[in-house]
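The notes that come after it are meant to be read alongside the picture.

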Amino acid sequence: MLVATAAGWARPVARLLDRRQLAVTAGLWSLLALLLAAGPRMAHAGRDAGMPGMDGMAMPGSASSGPTFAVAFAAWIAMAAAMMLPGALPAARHVAVNSLRRRRRRAVATFVAVYLAMWAAFGLLVLALAPLWSSLDATAVSAAALSLAVAWQLTPAKRRALRGCHIAPPLPPRGPSATAGVVRFALRNGAACVGSCWALMLGMTAAAPAALWTVAATGIVTAEKLGPRPRRTARAAAALLAAGALAVTAL
Amino acid sequence: MPQPSQPTVTRRNVWTLPSGDPTLEEYAEAVAIMRARPATQVTSWSYQAAMHGTVATPQKPLWNGCQHFGWYFLPWHRMFIYYFEQIVRAAVVQAGGSPHWTLPYWDYGAGGQQATLPHAFRHATLSGGAHNPLFVSQRAPGINTGSALSSAVASPAHALSRPHYVGVTLFGGGQSPVVQFDGATGAVEQTPHNDVHNAVGGQSGWMADPDRAAADPIFWLHHANIDRLWWKWTGAGHSNPTDPAWRNQSFSFFDAHGTKVHKSCVDVRLTAQLGYTYEDAGAQPSPAAQPQEETEAMSASSGGEQPPEPEPELLGASEAPLQLVGTPAAVGVPIDHRSTSQLARAVRPDDPSHVYLSIDDIDAERNPGTVYGVYVNLPDGASPEEAERHHAGNVSFFGVERARNPRADEHPHSVRVVHDITELSGRLQAAGEWDPQHVHVTFRPLGLIPPDEPQLAHAVAEAPSEPDPPVTIGRVSILSGD
């Protein structure tokens with residue numbers, strides 16, 4: 001089912017995004033790869049911030065130097081941008097083509113900033129709550145995080161949130177109401193996106209090895225938002241996550 | 001390129017069938033046979049209708065497969081009625097009828113009597129008193145008593161004049177994914193397709209509801225006509241899409257044996273590939289008379305290939321949503337002060353730019369079944385004759401509830417309808433009725449025409465006794481592009 005699903009959405013995704021958007025996606029995913037390669041430093045930051053999943057990024061011999069909550073937060077925002085913005089490109093394009101030319105750059109920048117602020121707010125919450133589970137057994141935390149992600153994947157609320165990611169309302173053309181319209185759209189779109197993907201992001205953060213789950217979560221988020229057949233994709237993702245939870249427990 | 005087979009059967013005009021021709025009687029018998037089949041049988045009436053759309057659950061194979069508001073609309077429906085025709089033909093043969101039975105088409109765009117529902121579909125009982133299988137009571141008031149579709153609703157003239165296939169203002173619709181309802185309706189899908197669905201179905205009739213439309217026997221004659229319009233457009237030398245995403249996209253159906261079959265768009269781009277053609281007394285003789293494959297090849301080699309569709313630029317938009325409830329309504333579209341010169345330039349006859357009127361973010365809980373004419377800078381109280389001069393196109397809402405709330409496993413879509421108003425705005429400019437700083441857009445409901453009244457194209461519908469279920473137009477905008 002996973003292979004069929006992947007093959008099913010790869011072509012429509014490529015068709016949906018134009019060349020510029022594909023280039024942006026490639027850039028963002030390169031950033032993600034760099035972040036994963038820079039795992040050791042993030043691991044220290046994550047450990048100090050109480051994020052056990054980030055231990056999975058730690059490499060032998062990594063030095064400990066100045067890990068702070070701020071570094072972990074910055075890393076979170078960068079990863080959220082790399083993982084989530086490709087799926088938000090159609091919404092950003094909606095803002096661009098529905099804005100007057102003189103407002104276009106400002107409108108897209110406003111959309112991206114507010115959209116990322118939603119993910120930043122969620123990141124703050126996760127980082128603040130992380131100490132609650134940082135002292136628990138890592139295997140149990142991983143299995144629980146993945147199980148939570150599986151359960152959320154199968155709820156009607158998840159389906160509603162994913163649908164919300166595709167609602168693109170009209171934008172007022174001029175004046176302060178134009179900016180307010182973009183902010184409102186970004187808040188709604190960002191809220192829908194956080195609502196759709198929060199459990200996946202939490203699972204990625206809490207489960208080990210984090211690098212593996214980051215890549216998996218990126219694929220799932222992109223497939224769900226840009227690919228066809230969202231229900232089938234969400235179920236396939238749930239199956240993948242459930243297999244991960246079992247593997248974590250068994251190994 | 002595969003060699004097309006020679007046309008072997010001809011689909012004929014339902015209004016000009018010879019006296020005593022058994023086609024409609026055989027159709028009625030076949031409908032009765034198919035209705036009597038178990039609903040689980042793929043060649044039953046209800047199963048075939050559900051392949052277009054249904055509210056029934058659980059989902060059965062190939063249900064809710066229809067393709068609308070995009071470039072797969074024409075090929076999917078061509079395949080759908082092709083296999084349906086085979087299923088009906090087999091039922092006709094089962095009843096002792098002709099093995100060469102073909103689906104007739106309803107050419108409502110011809111006007112006059114042909115703009116009314118064919119008699120065989122209007123009456124609840126047959127001459128002997130038996131139930132008429134072609135009759136459906138769930139149609140718009142007046143349709144079953146001979147009211148006519150206005151030419152503003154039924155005429156394919158604008159669609160047939162579109163030079164290319166791919167694009168939201170062009171013949172076949174914009175690029176779209178494989179979904180039941182996307183947001184890229186083309187010219188022929190809007191008028192006459194969507195408009196006739198609404199005009200025949202009305203507020204609560206089957207034809208206005210994609211989940212019930214194919215259960216009305218007239219649905220298939222309506223779609224035979226839409227298919228004929230594609231045949232006619234292609235036969236006039238126009239090219240179908242060459243994009244592999246369109247050509248190679250395949251869809252599945254059931255044949256007369258109940259076997260699942262598959263066809264790609266490239267396999268159905270010409271009717272000759274499927275072994276049928278249309279009689280069309282009004283067709284232009286020279287290009288349409290040529291073999292279509294040859295015509296297509298000629299048009300491609302002579303530069304008929306469609307250039308890439310540019311993204312038009314927003315010049316101005318209405319400031320607040322507009323609600324339509326079955327009565328005339330209007331909205332102002334202020335043009336941005338930095339865009340007025342661009343708009344003034346675009347309406348000049350020597351400028352290559354196009355001007356577009358876009359009706360954005362159309363949303364409704366359910367389709368009210370009303371067709372609205374959309375007019376630019378129409379004076380208040382303008383007569384139907386005057387309205388024709390300001391007509392930009394129509395908007396109607398067949399399928400709008402499914403776009404936002406799809407039954408199939410797909411994402412929701414915003415609905416918009418776009419009209420190319422380059423020529424219209426140029427005419428208004430020449431008449432001194434065009435202001436590049438402000439465009440006024442009016443929506444007027446177009447009614448059915450009772451049998452004893454003149455067939456005015458833009459006759460305004462009488463105000464409904466109860467307001468229509470509301471439709472919200474999120475924004476009306478003016479755009480320009482090459």
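What follows is a short briefing on the interface, on chain A and on one residue of chain B.

This is a predicted model, in which local features need pLDDT of at least 70 and side-chain atom pairs count only at pLDDT 80 or more, while totals for chains, interfaces and linings use all residues. Residues are numbered from 1 along each chain as its sequence is written, chains are lettered from A and ligands numbered from 1 in the order in which they are written, and side-chain values use heavy atoms, with hydrogens and water left out.

**The interface between chain B and chain A**

- Contact, meaning heavy atoms within 4.5 Å, joins 32 residues of chain B to 27 residues of chain A.
- The buried area, which is the accessible area (1.4 Å probe) that two parts lose on being put together, summed over both, is about 2,500 Å² here, and carbon and sulfur atoms give 46% of it.
- On the chain B side, D409(B), H411(B) and R475(B) lose the most area to chain A, and together they account for 27% of what that side buries.
- The two chains share 3 salt bridges, a salt bridge being a side-chain nitrogen of Lys or Arg within 4 Å of a carboxyl oxygen of Asp or Glu.
- R102(A) and D336(B) meet through their side chains in a salt bridge, at 2.5 Å from N to O.

**The fold and surface of chain A**

- Chain A has 11 helices and 0 strands, where helices (H or I, at least four residues) and strands (E, at least two) are DSSP runs numbered from the N terminus.
- Of the 251 residues in chain A, 52% are buried, that is, under 20% relative accessible area, as against exposed at over 50% and partly exposed in between (1.4 Å probe, protein chains only).
- Among the contacts in chain A with a separation of 6 or more, 78% are between residues 24 or more positions apart.
- The accessible surface of chain A, computed by the Shrake-Rupley method with a 1.4 Å probe, comes to about 11,000 Å², and 69% of it belongs to carbon and sulfur atoms.

**A loop residue of chain B**

- D209(B) lies in the loop between α6 (187–201) and α7 (218–235) of chain B, and D209(B) is buried, with a relative accessible area of 14%.
- The side chain of D209(B) reaches the backbone nitrogen of D211(B) at 2.9 Å.
- Leaving aside residues up to four places away in sequence, D209(B) touches F398(B) and E401(B).

Key
Polar contact = N/O pair within 3.5 Å; in protein donor to acceptor, adjacent residues only side chain to side chain.
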